[in-house]
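Colleague: Hi! Could you walk me through this one? I'm new to reading structures.

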Amino acid sequence: LSVLVTKTRYVGNMYETLEQKTPHFEAKGIEVVRRDQCPATVKMQEKVLRLLFDSRDMSAVKQYVASEWNKMMTGGDKLLLKDFIFSKEVCKHLFCFY
């Protein structure tokens, strides 16, 4: 099973050999592998995709997302503030004007 967003943004289960019993989770270009997303987004999207690929049950995915949103709205006990903070590396560039 795989999801193709664009030709450079995709995610799926990958088998590298015929003998391989469990697939390898492969993601390119989506939020799961991007560094410009907050950790909560990355964790939730990866869990949703793995749940979809493993169970192929959209109702299980909807139930998981609803429970996570409920935790966020009610301030669940396992929420960490640092998971909701965007952080980005600062680069200094020297610009010369002539």
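Modeller: Happy to! One term to start with: a residue counts as buried when its relative accessible area is under 20%. Phe25 is at 13% relative accessibility, so Phe25 counts as buried. Keep in mind that this is a predicted model.

Colleague: Got it. And how much of the chain counts as buried?

Modeller: Of the 98 residues, 20% count as buried.

Colleague: What secondary structure does the chain have?

Modeller: There are 2 helices and 3 strands. Starting at the N terminus, the order of the elements is β-β-β-α-α.

Colleague: How do S1 and S2 run, parallel or antiparallel?

Modeller: Antiparallel: strand S1 (residues 2–6) is joined to strand S2 (residues 9–14) by 4 bridges. Together S1 and S2 make a hairpin, with 2 residues between them. If you want a spot to look at, find Leu4, which stands opposite Tyr10 in S2.

Colleague: Nice. And how many bridges join S2 to S3?

Modeller: S2 and S3 are joined by 5 bridges, and these two strands also run antiparallel. Here you can look for Asn13, which has Phe25 of S3 opposite.

Colleague: Phe25 again! Which residue forms an aromatic pair with Phe25?

Modeller: That would be Phe53. The count for the model comes to 1 aromatic pair. The ring centres of Phe25 and Phe53 are 6.3 Å apart with 50° between the planes, and the pair is tilted.

Colleague: Why does that pair tie together parts that are apart in sequence?

Modeller: Because Phe25 lies in strand S3 (residues 24–28) while Phe53 lies in helix H1 (residues 39–55), the pair ties together parts that are 28 residues apart in sequence.

Colleague: And Phe53, is that one buried or exposed?

Modeller: Buried, since Phe53 has a relative accessibility of 4%.

Colleague: Which residue lies over the face of Phe25?

Modeller: Arg50 does, at 4.2 Å from the ring centre.

Colleague: Switching topic: what volume does the largest pocket have?

Modeller: About 220 Å³. Its lining includes Ala40, Met44, Tyr64, Glu68, Leu80 and Phe84.

Colleague: Which helix gives the most to that lining?

Modeller: H2 gives the most, with 4 residues. Both H1 and helix H2 (58–74) supply at least two residues each.

Colleague: Last one. Where is the place of Arg35?

Modeller: Arg35 is in the loop between S3 and H1.

Colleague: Buried or exposed?

Modeller: Exposed, because its relative accessible area is 77% and the cut-off for exposed is over 50%.

Colleague: And how far apart are Arg35 and Ser87 in space?

Modeller: They are 8.8 Å apart, C-alpha to C-alpha, although 52 residues separate Arg35 and Ser87 in sequence.

Colleague: Great, thanks! I'll go and look for these in the viewer.

Note on methods
Residues are numbered from 1 along each chain as its sequence is written. This is a predicted model: local features need pLDDT of at least 70, side-chain atom pairs count only at pLDDT 80 or more; totals for chains, interfaces and linings use all residues. Side-chain values use heavy atoms; hydrogens and water are left out. Rings of Phe, Tyr and Trp (its six-membered ring) pair if their centres lie within 6.5 Å; planes under 30 degrees apart count as stacked, over 60 as edge-to-face and the rest as tilted. Buried means under 20% relative accessible area, exposed over 50%, partly exposed in between (1.4 Å probe, protein chains only). A charge sits over a ring if NZ of Lys or CZ of Arg is within 6 Å of the ring centre and within 35 degrees of the ring normal. Two strands pair if DSSP finds at least two bridges between them. On a 1 Å grid over the protein atoms alone, a cavity is a set of points where a 1.4 Å probe fits but cannot get out, and a pocket is an open set with protein on both sides within 12 Å along at least five of seven lines; lining residues have an atom within 4 Å of a point. Grid points are joined across faces, edges and corners, and a volume is the space filled by probe spheres set on the points.
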